[in-house]
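Let us read a structure together, one feature at a time.

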Amino acid sequence: DVTCVLLHFKFAGDFKQYFTREVSVEGRLAETKRRHLQYLTALDSFSSGESLDSDISVAYQSSQQLVELGLIKTTDEFDAQNKE
């Protein structure tokens, strides 16, 4: 009855600049470079003004915020056990 989410911050901040830099770093695994190039290709396919950022994006604050947003759910029993 209790759910969870996996938070991944790969697309936080100036990630396009990060991926661009990372594809040129010597010593990176070929698979890593390939994946970063795929991210860059996808970003380049966005139409002008389009981005991953939107009006519904919010900064992470807490697990309680995730409950309030309906992204995870808990039970009264779980909440009572985790108040301590």
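Q: Is Asp 44 buried, partly exposed or exposed, and what relative accessibility does Asp 44 have?

A: Buried means under 20% relative accessible area and exposed means over 50%, with partly exposed in between, using a 1.4 Å probe and the protein chains only. Asp 44 has 53% relative accessibility, so Asp 44 counts as exposed. Before going on, keep in mind that this is a predicted model, in which local features need pLDDT of at least 70 and side-chain atom pairs count only at pLDDT 80 or more, while totals for chains, interfaces and linings use all residues. Residues are numbered from 1 along each chain as its sequence is written, and side-chain values use heavy atoms, with hydrogens and water left out.

Q: Which residue forms a salt bridge with Asp 44?

A: A salt bridge is a side-chain nitrogen of Lys or Arg within 4 Å of a carboxyl oxygen of Asp or Glu. Here the partner is Lys 16, and the closest N and O atoms are 2.9 Å apart. Lys 16 lies in helix H1 (residues 15-22) and Asp 44 in helix H2 (residues 30-44), so the pair ties together parts that are 28 residues apart in sequence. Lys 16 has 37% relative accessibility and therefore counts as partly exposed.

Q: How many salt bridges does a search of the whole structure find?

A: The search finds 2.

Q: Is Gln 65 buried or exposed?

A: Gln 65, whose place is in helix H3, counts as buried because its relative accessibility is 11%. Contact means heavy atoms within 4.5 Å, and, leaving out residues up to four places away in sequence, Gln 65 touches Val 58, Ala 59 and Tyr 60. Across the protein, buried residues make up 13% of the 84 residues.

Terms used. Helix = DSSP H or I, 4+ residues; strand = E, 2+ residues; numbered from the N terminus.
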